[in-house]
Amino acid sequence: MKEPRLWVENDLLDLIANGVKESITLDYKACDALAKTDGKKAEISKDVSAFANSAGGIIVYGMLENDYLPVAIDSGYDGSVISREWLEQVINSRIQRRIDGIRINQIELSGSRLGRVAYVVSIPQSVRAPHQASDKRYYKRFNFESVPMEEYEVRDVIN
């Protein structure tokens with residue numbers, strides 16, 4: 001599989017065709033996950049910081065899933081409303097310490113979604129962890145979700 005920063009729409013379709021399940025390093029989010037509300041921005045900071053505080057990973061925004069399996073590309077985003085720059089700004093402004101090396105790939109969609117986009121966010125395992133989400137908590141990946149870290153886990157990551 002090629003690097004997520006090089007993915008195109010066919011790579012998203014391959015995830016569906018091959019039944020690539022969500023994991024500790026892969027998460028699928030439907031289009032309603034990105035919105036200009038404080039709640040959605042807080043969720044973005046939680047999810048991205050959890051990957052950086054764990055093993056790193058990939059979030060695909062614009063993918064419908066069922067039982068952790070991708071089933072279809074969602075309707076996509078209007079790139080002039082939910083832009084790559086907007087997403088980057090939310091991540092950089094709502095996570096403390098800044099996470100180095102995040103890559104956001106804007107994927108152009110075709111067919112009935114022509115003119116719309118999906119986003120693939122690649123988050124490296126951070127050498128500067130732990131990173132705090134906007135709710136002042138530290139998160140990690142556990143199974144298929146982002147969960148708050150225990151106090152001892154935060155200390156372990158610092159050391």
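This is a short walk through the structure shown above, which is a predicted model.

Lys2 sits in the segment that comes before helix 1, which spans residues 9-17. Is Lys2 buried or exposed, or something in between? Its relative accessibility is 40%, so Lys2 counts as partly exposed. Setting aside neighbours within four places in sequence, Lys2 is in contact with Trp7, Val8 and Asp11. With Asp11 there is also a polar contact of 3.2 Å between the two side chains. Asp38 gives us another distance to look at: Lys2 and Asp38 are 36 residues apart in sequence, and their C-alpha atoms are 34 Å apart in space.

Asp11 leads us into helix 1, where the buried residues are Glu9, Asp11, Leu12 and Leu15. These residues lie on the same side of helix 1, because they cover an arc of only 165° around the axis. Turn to the other side of helix 1 and you will find Asn10 and Ala17 exposed. What do the buried residues of helix 1 pack against? Their partners are strand 1, strand 2, strand 3 (63-66), strand 4 (69-73), strand 5 and strand 6. After helix 1 comes Gly19, which has a positive phi, near 60°.

Next, have a look at the strands. In a regular strand, side chains alternate between the two faces of the sheet. Strand 1, made of residues 26-29, is covered on both faces: Leu26 and Tyr28 are buried on one side, while Asp27 and Lys29 are buried on the other. Strand 1 pairs with strand 2 in the parallel sense, over 4 bridges. Within that pairing, Tyr28 has Val60 of strand 2 as its bridge partner. To get from strand 1 to strand 2, the chain crosses through helix 2, and this β-α-β crossover is right-handed.

Not counting residues up to four places away in sequence, Ser45 touches Arg94, Ile95, Ala133 and Ser134.

Helix 3, residues 84-94, is our next stop, and Trp86, Leu87, Val90 and Ile91 are buried there. Why do these residues share one side of helix 3? They cover an arc of only 135° around the axis, and that puts them on the same side. The buried residues of helix 3 pack against helix 2 (38-53) and strand 2 (57-61), as well as strand 5 (103-108) and strand 6 (117-123).

Some of these names come back when we turn to the largest nonpolar core, which has 23 residues. Which of its residues touch the most other members? They are Leu34, Ile44, Val48, Tyr61, Leu87, Ile91 and Tyr119. Helix 2, strand 2, helix 3 and strand 6 are the elements that give two or more residues to this core. Apart from this core lies another one, of 13 residues, which include Tyr28, Ile73, Ala118 and Val120.

Finally, pick out Tyr61 and look at what surrounds this residue. Leaving aside neighbours within four places in sequence, Tyr61 is in contact with Lys29, Ala33, Leu34, Ile44, Tyr77, Leu87, Ala118, Tyr119 and Val121.

Terms used:
Residues numbered from 1 in each chain as written. Predicted model: local features only at pLDDT ≥ 70, side-chain atom pairs only at ≥ 80, totals over all residues. Heavy atoms only, no water. Buried < 20%, exposed > 50% of the residue type's maximum accessible area, 1.4 Å probe, protein only. Contact = heavy atoms within 4.5 Å. Polar contact = N/O pair within 3.5 Å; in protein donor to acceptor, adjacent residues only side chain to side chain. Arc of directions from axis to C-beta. Core = buried A, V, L, I, M, F, W, Y, C linked by side-chain atoms within 4.5 Å. Pairing = 2+ DSSP bridges. Right-handed = clockwise from strand over helix to strand, strands pointing away.
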